[in-house]
Amino acid sequence: MNLTVTDVRLTPILVADPPLLNTQGVHQPYTPRLIIEVVTADGTTGVGETYGDTKYLELARPLAERLTGRRVDDLNGLSALADEVAVDDSRVSGQVDVGGLRGVQTADKLRLSVVSGFEVACLDALGKCLGLPVHALLGGKVRDSVEYSAYLFYKWAGHPEGVPAEQDDWGAALDPAGIVEQARRLTERHGFTSFKLKGGVFPPDQEIAAVRALAAAFPGHPLRLDPNGAWSVATSLKVAEEIGDLLEYLEDPALGTPAMAEVAAATDVPLATNMCVTTFAEIREAFTRGAVQVVLSDHHYWGGLRSTQQLAAVCRTFGVGVSMHSNTHLGISLAAMTHVAATVPGLHHACDSHYPWQSEDVLTERLTFTGGRITVPDGPGLGVELDRDRLRPLHRRWLDDDGRLRERDDAAAMRVAEPGWRTPAVPRW
Ligand SMILES: O=C([O-])C(=O)C[C@H](O)[C@@H](O)C(=O)[O-]
Ligand SMILES: [Mg+2]
């Protein structure tokens, strides 16, 4: 068996995305992703997936060159290789990440978001070479299936008129009844039993009403609300007081560790985050101040599956819970999330996933939720197969784009419908 990397293929694509609303704006009709293929000397190909905006591509290209000639099992060496890749200052100074929803942008975080896709591709290739599933390479699964929650969004029926887009069949959801209807359909289609509502879109009273409507429609089911840091400390506490008893946790009610710590000090409602703890460097302050009770890991920006396991170990040490955050992603990333989630002992919350919103994929067979769960694949590698016939048109879409959709920008997408729209100042309420 020859584990030497002989080729790395990078395929940027644009994937259809429905008009999902968040506090920054609305999702673009197509969102960029990057598919990474790592080929070994004996012809085995491993696949990975990560963000596809230009700033990630700029790092992925030199990393791909450096990886050629190395071994797919040299995963520690992969991180060191990424450290050699220079990050253009203009990409990080004063920048926030994709849509401003994932905390601050740093050079390291940018590198880690690229490394993660390569790590997954290397693990997939290695697993295929050894005839072992990725979870086995990570130490073995502790569960046979991973639970996901229904990710509810306020949404328009369609993208603004005149904007080229794929039509979706979910309809609009702009009030409590619409959100409950969406929850019912997600449950019917995928069997989810817990629900997360993406908030920060409407004034808090309307979102409180939506959570109450969900609680009435699905009594006893775990519920979460995530306004992406759009609220002041006072507003966060008011919401916690009004609906705290209905919530499994409140996710990033206020922006940043100091504000989250203030909220946490004054309420018993657990706080989760994928915004104030997004790197290892941010852990110490947040944990010692008791600012968060659950960290939502995202293997893309934490640097991969092994980093996610390390994060889980740190969380366990501090008595902080861990679960998983999700952004628009395809089946390769869902498989990767499922493998790592299967290896984390103290995973007590259903993971987030955007996957039900993605009508397109690059796999020969879509992953399916049964009872809201994904069965952990036991085949070699990730247990999924890339479909070139599906990949090609999505790449063609990226090639044909004039550059406007190649950077995800939810505020710009919102301006198409509301020309005066600016990213709201925080706290918004
Ligand atoms: O805070 C979160 O859970 C997210 O940022 C998840 C997604 O990025 C979501 O908000 C989105 O894409 O609109
Ligand atoms: Mg969040």
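**View 1. The space taken by ligand 1 is the largest cavity.** A cavity is a set of points on a 1 Å grid over the protein atoms alone where a 1.4 Å probe fits but cannot get out. The model is predicted: local features need pLDDT of at least 70, side-chain atom pairs count only at pLDDT 80 or more, and totals for chains, interfaces and linings use all residues. Side-chain values use heavy atoms, without hydrogens or water, residues are numbered from 1 along each chain as its sequence is written, and chains are lettered from A and ligands numbered from 1 in the order in which they are written.

View 2. Taken alone, ligand 1 exposes 320 Å², and the protein buries 100% of that (Shrake-Rupley method, 1.4 Å probe).

**View 3. The shell around ligand 1 has three nonpolar, eight polar and five charged residues.** Domain 1 (5–134 + 387–400) and domain 2 (136–375) each give at least three residues to this shell.

**View 4. Asn228 has a positive phi, near 50°.** Most residues other than glycine have a negative phi. Asn228 sits in the loop between strand E9 (223–226) and helix H7 (233–243). Helices (H or I, at least four residues) and strands (E, at least two) are DSSP runs, numbered from the N terminus.

**View 5. The peptide bond from Val426 to Pro427 is cis.** Its omega is near -5°. Pro427 lies in the segment after helix H14 (410–417).

Terms used. 1 Å grid on protein atoms, 1.4 Å probe; cavity = no way out; pocket = protein on both sides within 12 Å on 5 of 7 lines; lining within 4 Å. Sits in = over half its atoms within 2 Å of the grid points. Nonpolar A, V, L, I, M, F, W, Y, C, P; charged D, E, K, R; others polar. Domains from an automatic or database assignment.
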